[in-house]
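Biologist: I have this model open and would like to go through a few spots in it. Can you start with how the terms are set?

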Amino acid sequence: MTTPTTPGYSASPDRAAPSRTSPDRAIADQLHSGDEHPDLLDLARHLDEGERRRLQALEDFAQRRIRPESIEPWNREQLPRQLLTELGRLGLGEISVDGSSALFQGLAHAALARADLSLSTLVGIHNELLVGLTDSLGSPQQRAAWLPGLRRLETLGAFCLTEPDHGSDIARGLATTASLQDGQWHLQGKKRWIGMGAVADLALVWARDTADDQIKGFLVPTDVPGYRAEGIRQKTGLRIMQNAEVDLDLRVPESALLAGATSFSAVHAALRDSRAWVGWQAVGAQQALFDIARSYAAERDQFGRPIGSFQLVQSALAQVAGNMGVSTAFMGEVTRLQAEDRLTMLRASLAKSTLTRLARESASLAREVLGGNGILSSHEIAKVAADIEAVHAYEGSYGINLLIAGREITGISAFG
Ligand SMILES: Cc1cc2nc3c(=O)[nH]c(=O)nc-3n(C[C@H](O)[C@H](O)[C@H](O)COP(=O)(O)OP(=O)(O)OC[C@H]3O[C@@H](n4cnc5c(N)ncnc54)[C@H](O)[C@@H]3O)c2cc1C
């Protein structure tokens with residue numbers, strides 16, 4: 001079988017030519033310096049021509065702009081808004097609802113994650129949870145009011161589920177209340193870890209209806225009196241992503257109830273899909289690790305030779321490439337099942353837990369290639385590694401995703 005060429009896979013970051021003092025140019029010239037796309041399996045060949053071109057445009061932008069321009073904001077815990085505006089122009093605010101193929105969506109999320117995991121998280125939650133749920137469960141009025149701005153990435157949203165006292169046990173323990181009084185919902189409670197909580201225009205708040213004890217969703221403009229958010233500072237990962245503590249004591253009209261979300265089971269499919277999306281983040285993160293470590297191995301000389309010529313360094317690079325290949329293949333098939341509407345919670349939980357575990361292992365191997373520079377965010381790899389720690393912890397912690405998979409495998413819940 002011949003493999004069609006895929007022009008979409010030629011993107012590579014701008015890198016200064018290595019200043020080499022070693023006389024051993026021959027070895028250095030044999031080493032790849034990162035000119036090839038790290039998707040060793042070339043999944044993009046399954047896209048049609050139009051989507052390949054869109055992916056290429058996104059990869060070019062992500063490597064040329066997002067990758068370098070996210071480093072300083074990451075160090076300063078700031079949101080680079082101009083990059084969001086441009087991502088909106090590239091259509092990244094609506095890939096979950098604009099008819100894009102499931103594979104294009106996955107590869108687009110990986111391309112973003114390869115450049116910066118915080119912005120990838122923001123765009124992922126925006127598409128999977130804000131846009132996706134407003135589109136699928138919102139009333140015609142809610143869709144008309146919120147979707148146009150969300151789709152352009154001009155309206156930013158926050159998904160407010162986790163609470164200070166309830167993380168892993170949120171479905172059981174959620175304590176924020178919603179009471180319908182005189183035609184208005186009174187929402188009261190506290191939320192924690194809410195991405196974009198202090199920056200967003202719209203909050204999708206999950207609260208327990210005091211009348212029937214069901215968990216329901218509410219679309220809340222963040223400028224209503226009684227919505228108060230304070231940024232969580234000094235995170236060691238995803239530092240661009242603005243997480244917040246949110247204090248709620250507010251009233252919204254009866255029409256703010258997300259029409260189709262009258263019990264928590266309504267979001268089951270969205271939470272399952274968003275677990276699978278994290279698998280694509282793990283793919284992109286490992287592509288970044290591979291890019292950085294491979295370039296460094298070509299550029300850094302020790303003992304008069306590039307370190308990429310040493311067996312142990314090649315072993316580390318090969319292990320990262322292997323983990324990345326396994327992750328890519330897994331997500332390729334998960335996405336195919338998703339497109340056939342056959343994504344199960346077992347597959348999604350295994351994608352999230354297994355691939356973030358592999359990403360963590362890859363981060364450790366890739367950092368080692370950079371020696372001391374492996375702990376400097378200016379060499380990027382420390383930024384990627386720190387971000388992977390956060391990705392490992394959210395969308396259901398690593399352990400909880402294993403337990404969800406364990407429950408599906410054995411039929412017995414370990415949650416008690
Ligand atoms: C960077 C980041 C962004 C996030 N963004 C959002 C967001 O936008 N919106 C939102 O709603 N939430 C968000 N979260 C919250 C995230 O979903 C929670 O952090 C996650 O669900 C874990 O909850 P927790 O931190 O309270 O940990 P806990 O639930 O307290 O768990 C602590 C540890 O105990 C383990 N554990 C808990 N229960 C069990 C058990 N029964 N058996 C074995 N082990 C167990 C867990 O695996 C974990 O290792 C975000 C979190 C982070 C870190």
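Modeller: Helices (H or I, at least four residues) and strands (E, at least two) are DSSP runs, numbered from the N terminus. This is a predicted model, where local features need pLDDT of at least 70, side-chain atom pairs count only at pLDDT 80 or more, and totals for chains, interfaces and linings use all residues. Residues are numbered from 1 along each chain as its sequence is written, and side-chain values use heavy atoms, with hydrogens and water left out.

Biologist: Where is Lys216 found?

Modeller: Lys216 lies in strand β5, residues 215-221.

Biologist: Is Lys216 buried or exposed?

Modeller: Lys216 has a relative accessible area of 7%, so it is buried. Buried means under 20% relative accessible area, exposed over 50%, and partly exposed in between, with a 1.4 Å probe and protein chains only.

Biologist: Which side chain does Lys216 make a polar contact with?

Modeller: Asp209, at 2.7 Å between the side chains. A polar contact is a pair of N or O atoms within 3.5 Å; within protein, one must be able to donate a hydrogen and the other to accept it, and residues adjacent in sequence count only if both atoms are side-chain atoms.

Biologist: What else does Lys216 touch?

Modeller: Not counting residues up to four places away in sequence, Lys216 touches residues including Val205, Trp206, Leu257 and Thr262. Contact means heavy atoms within 4.5 Å.

Biologist: Changing topic: why does Arg65 count as buried?

Modeller: Because its relative accessibility is 19%. Arg65 sits in helix α2, residues 49-69, and its side chain makes a polar contact of 2.9 Å with the side chain of Glu86.

Biologist: How do α2 and α4 pack?

Modeller: At an angle of about 175°, with their axes 11 Å apart; α4 covers residues 81-89. That makes α2 roughly antiparallel to α4. Axes are lines fitted to C-alpha atoms, for helices over the stretch in contact, and angles run from 0 to 180 degrees between N-to-C directions. Angles under 35 degrees count as roughly parallel, over 145 as roughly antiparallel, 65 to 115 as roughly perpendicular and the rest as oblique.

Biologist: Which residues meet there?

Modeller: Leu58, Phe61, Arg65, Ile66 and Glu69 in α2 meet Gln82, Leu83, Glu86 and Leu87 in α4.

Biologist: And what about α9 and α12?

Modeller: Helix α9 (residues 268-299) and helix α12 (residues 381-393) pack at about 160°, with axes 10 Å apart. Among the residues making the contact are Val278 and Ala285 of α9, and Val384 and Ile388 of α12.
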